[in-house]
Amino acid sequence: MLTGITVVDLTTERRVDPLGIDEPRPRFGWRVIADRDGHSSSAFRIQVATSVDALDHGSHWDTGEVAVAGTTTTSYAGPPLQSRGRYHWRAQVIDQRGVRSGWSRPATFEMGLLRRDDWRARWIGSARTELASERSDQWHAGGPAPYLRRAFELDGCVVRARAYVTALGLYELRINGRRIGEQRLAPGWTDYRHRIQYQVYDVTADLRPGDNAIGLALADGWYAGAVAWFGSHFYGDAPAGFVQIEVDLDDGRSIVITSDGSWRARSGPATLADLLAGEHLDRRAEPDGWDSPGFDDREWAPVRLLADPGVPLVAGRDEGVRAIADLAPLTIESRGDGRFVVDFGQNIAGHVRLVAQGPAGTTVTVRHAEVLDSDGELYTANLRSAAATDTVTLKGGASEVFEPRFTFHGFRFAEISGYPGPLSADLVTARALSSVVDMIGSFECSDPLVNAIFRNSAWSLRDNFIGIPMDCPQRDERLGWTADAQLFAPSALFIADVANTLEKWLIDLEDAQHPSGAYPDYAPAVFEVAYGNAGWADAGVLVPWALFEATGDRRILERRYASIRRYLAYLEGDQTDGIRSGGRYGDWVSVGRRASGDLVGTAYLAQTSDVASRIARVLDHRSDTARWGRLARAARRAFAAAFVEPDGLIAGATQTGQALALGFHLLPERLRPLAAARLAAMIEEVGVHLQTGFLGLPLVLPALSEHGYHELACQLVTQEEPPSWGFEVRQGATTIWERWNGWAPEAGFADPDMNSFNHYAFGAVVEWLVRHLVGLAPAEPGYRRVLIAPRPAPGFTFARARHEAPRGSTAAEWTLDATRLTVRATIPPDASGAVRLHGVDRTTVTLDDQPLDRCRSAGGDSLNAADFEIGPGEHVVRAEVVPAE
Ligand code: BGC
């Protein structure tokens with residue numbers, strides 16, 4: 001039956017047909033396409049079955065018709081899902097007129113191994129483990145990457161085969177000469193003392209009757225290699241692998257091949273494989289055919305069986321780190337002394353892939369840097385102790401293609417030396433790695449400089465989401481710093497589908513939570529982690545909230561609630577009469593005057609307890625709602641008493657102080673305009689520049705735009721004199737810098753001890769670009785209600801943004817032609833829109849070519865404003881703007 005309503009884009013745990021999930025109540029999601037504007041659903045129905053055919057005849061679970069308006073998600077609540085179980089499901093919706101859609105095309109999901117006794121594999125490693133004590137004092141030494149293998153025979157045809165794989169360290173799985181899966185740096189970083197992620201691969205087509213071989217390449221990774229400035233071997237001394245391959249044959253038999261004492265090991269061709277130091281490959285040592293049957297491994301050593309770490313194995317929650325882009329060189333300069341300097345035109349996290357042909361034993365060295373120094377040489381001082389150097393020694397003979405597998409570098413430039421022959425553009429590629437696979441948000445406006453700021457933020461996002469949200473990808477750091485993640489989360493969630501990666505990281509954060517309830521400065525935790533610092537620790541509350549706002553998914557809050565409650569108990573004890581100390585960092589990397597620690601701490605206490613109270617309200621925990629609301633009010637009162645002057649000046653007279661007071665609602669209503677005027681004056685005083693550090697930055701521009709200084713906010717964003725984003729862009733930046741003065745005309749490079757050119761924290765400007773310049777924001781969690789509040793500003797003729805929200809494409813665009821404003825809005829099915837126009841002559845407003853007053857009653861507090869509601873579909877609003885007074 002054709003109804004004009006179709007249910008599409010089915011997801012399970014926010015993934016498409018995932019393989020290997022261990023969530024007992026998976027979340028289902030779908031979208032509706034309606035051929036008629038204005039669709040909204042009044043009910044849905046889900047069926048789950050163990051085969052596609054069974055969906056038609058009595059299913060494993062059937063929700064029946066569930067009458068909830070506008071819902072596009074639900075959680076599985078049927079009989080327990082089985083380990084390895086493969087399930088098919090489909091969805092149907094009924095619209096507000098009672099018209100029923102057809103069934104969606106079925107989607108699938110497959111469970112991982114849910115019980116400990118499902119695992120029969122043993123942990124295995126190479127003999128190198130014994131050398132660990134010798135190596136442990138070699139700071140940053142990194143280790144070689146062992147190869148482990150086993151051959152086996154299958155006496156039947158394979159109908160289904162799955163590989164369940166993980167490692168302490170990094171692994172690459174190979175079967176019969178082929179690499180399995182697309183993931184890099186698997187299984188990813190967790191605190192291996194708490195949990196280890198595993199991946200599941202469909203290897204049905206990789207196995208065959210007769211002889212087969214499995215190869216497992218291992219490397220230190222975060223587990224045994226260098227992490228930040230802490231040296232190597234934090235979690236363990238040497239990598240270990242864990243493989244379980246389950247095969248169903250066509251005669252009904254099932255066979256399990258696991259890592260065990262029958263495997264054999266030797267060192268692989270990488271004499272060094274370390275995330276920070278780099279990878280040294282000796283291709284002469286590559287045992288050709290080692291991952292195929294028929295290879296003679298008699299000279300290989302038996303593997304070592306290792307003790308079970310006794311830690312839960314958990315299914316990976318996102319698509320893992322992948323190669324997301326291959327960049328061709330922009331320029332290759334020969335330096336005449338055997339060195340080539342290659343500019344790839346984009347600062348990335350990844351590595352260089354080379355094609356080379358030369359005599360056996362030729363060693364090619366690749367060094368990496370984000371920027372060049374004034375002599376045009378690689379500037380590597382800011383990498384600190386990260387050697388970030390890959391080498392490859394050629395085997396000789398035919399042309400060889402290679403890339404490192406177990407390291408990544410933050411770079412735009414590479415220096416290649418020892419290359420045999422001339423280096424041309426087709427022989428060298430920069431391969432970008434990231435956990436960010438799907439970009440779901442775009443932004444564009446009439447100013448190319450501002451577009452570059454957005455693009456640079458999007459690249460800093462890609463480059464810094466490598467399994468976890470990191471601070472930077474290049475120096476010996478790359479930690480999951482909590483403030484950075486907290487500040488950038490709303491922007492990140494607009495730009496890309498990072499909800500699963502962030503949700504996973506919140507588990508890392510909880511794993512690192514101190515017994516006192518305090519969250520750490522970074523997660524996963526390594527040495528020397530500190531706890532409870534204002535703006536940092538608060539990520540444990542603010543990131544779940546940002547996720548909820550972007551996705552509308554209450555489950556995220558439910559799962560973190562017990563942990564959040566422990567943190568709030570900690571916060572209650574970490575303040576005196578509402579004043580909380582700012583802790584270690586305060587308004588990190590600000591320039592000029594610095595906001596005081598207590599001011600920052602108290603502001604964050606108010607904000608975090610207020611958000612916690614909202615979380616409690618969503619989950620219907622009444623006494624927590626009230627309790628944390630009281631804590632927030634106490635902090636606000638304390639803030640007002642301690643830091644607010646009667647004329648709206650915040651103690652210390654800093655941009656950040658003013659922005660925190662406004663953004664976190666710490667002021668009585670009547671002081672807000674005064675405080676905003678002070679902020680504007682402070683910005684003008686320093687020639688229209690920002691001086692805020694991490695904590696003030698996301699709040700300044702919204703505070704200006706919301707209090708009558710939108711034009712000033714726009715000037716900050718288009719500012720080209722240093723310090724500014726625009727200055728960075730003019731210097732050729734392709735990512736966001738860590739500090740405003742990363743490089744300055746007279747001073748040159750800032751202190752190399754802390755000067756990354758790829759930090760996303762200041763990329764939090766994206767939130768303002770989208771919500772304030774375009775005027776597209778979630779008015780209700782998950783964009784169920786969308787706020788369209790266009791803010792035309794002098795110097796811009798258009799701005800637009802689009803976001804793939806849970807219910808579908810959500811977009812806003814405004815164009816200004818002299819005084820004629822045209823706004824286009826896209827509201828997905830099952831959502832609604834609230835339009836807010838400022839500075840327009842209300843009598844001229846039309847919606848979809850109808851005078852507004854005839855089709856809607858418009859609200860708004862002045863004749864120069866119009867507020868009205870729109871439904872799903874594409875809309876055009878026109879109005880005449882009134883000149884600003
Ligand atoms: C990191 C930051 C982090 C800060 C905390 C720096 O080294 O790169 O982004 O938030 O330390 O102090």
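Q: Which side chain has an N or O atom 3.1 Å from an oxygen atom of the ligand?
A: Polar contacts are read from distances between N or O atoms, with a limit of 3.5 Å; within protein, one atom must be able to donate a hydrogen and the other to accept it, and residues adjacent in sequence count only if both atoms are side-chain atoms. Here the side chain is that of W536, at 3.1 Å from a ligand oxygen. R475 also places a side-chain N or O atom 2.7 Å from an oxygen of the ligand, and E477 has a polar side-chain atom 2.8 Å from a ligand oxygen. The protein covers 96% of the 310 Å² of accessible area that the ligand has on its own; such areas come from the Shrake-Rupley method with a 1.4 Å probe, and for residues only the protein chains shown count as cover.

Q: What conventions apply to the numbers?
A: The model is predicted, so local features need pLDDT of at least 70 and side-chain atom pairs count only at pLDDT 80 or more, while totals for chains, interfaces and linings use all residues. Residues are numbered from 1 along each chain as its sequence is written, and side-chain values use heavy atoms, with hydrogens and water left out.

Q: Which residues surround the ligand?
A: A residue is near a molecule or strand if one of its heavy atoms lies within 4 Å of it. The shell consists of D471, R475, E477, W481, D484, W536, Y585, W588, F694, E738 and H759. By class, five are nonpolar, one is polar and five are charged. The classes are Ala, Val, Leu, Ile, Met, Phe, Trp, Tyr, Cys and Pro as nonpolar, Asp, Glu, Lys and Arg as charged, and the others, Gly among them, as polar.

Q: How many residues are in the largest nonpolar core?
A: In soluble globular proteins, nonpolar side chains tend to be buried together. A nonpolar core is a set of buried Ala, Val, Leu, Ile, Met, Phe, Trp, Tyr and Cys residues joined through side-chain atoms within 4.5 Å. Buried means under 20% relative accessible area, exposed over 50%, and partly exposed in between (1.4 Å probe, protein chains only). In this model the largest core has 218 residues, and L354, W505, L704, W725, L837 and F868 touch the most other members. Its largest share, ten residues, comes from helix 8 (residues 597-618). Helices (H or I, at least four residues) and strands (E, at least two) are DSSP runs, numbered from the N terminus. A second, separate core has 28 residues, including F152, I214, L216 and L218.

Q: What is L837 in contact with?
A: Contact means heavy atoms within 4.5 Å. Beyond its neighbours within four places in sequence, L837 has contacts with P790, V823, V845, N864, A865, A866, D867, F868, V877 and A879.

Q: Which residues of helix 13 are buried?
A: An α-helix has 3.6 residues a turn, so residues three or four places apart point the same way. In helix 13 the buried residues are H710, L712, A713, C714, L716 and V717. Their cover includes helix 3 (448-464), helix 11 (672-685), helix 12 (697-706), helix 14 and helix 15 (765-774).

Q: Where are cis peptide bonds found?
A: Omega is the angle to read. A cis bond joins A523 and P524, with omega about 0°, and P524 lies in the loop between helix 5 (499-511) and helix 6 (539-551). Another cis bond runs from P722 to P723, with omega near -10°; P723 is in the loop between helix 13 (710-718) and helix 14 (725-730).

Q: What is the phi of E528?
A: E528 has a positive phi of about 60° although it is not a glycine. E528 sits in the loop between helix 5 and helix 6 and is exposed, with a relative accessible area of 60%.

Q: Is D624 buried or exposed?
A: D624, in helix 9 (residues 622-643), is buried, with a relative accessible area of 7%. Its side chain makes a polar contact with the side chain of Y561 at 2.5 Å.
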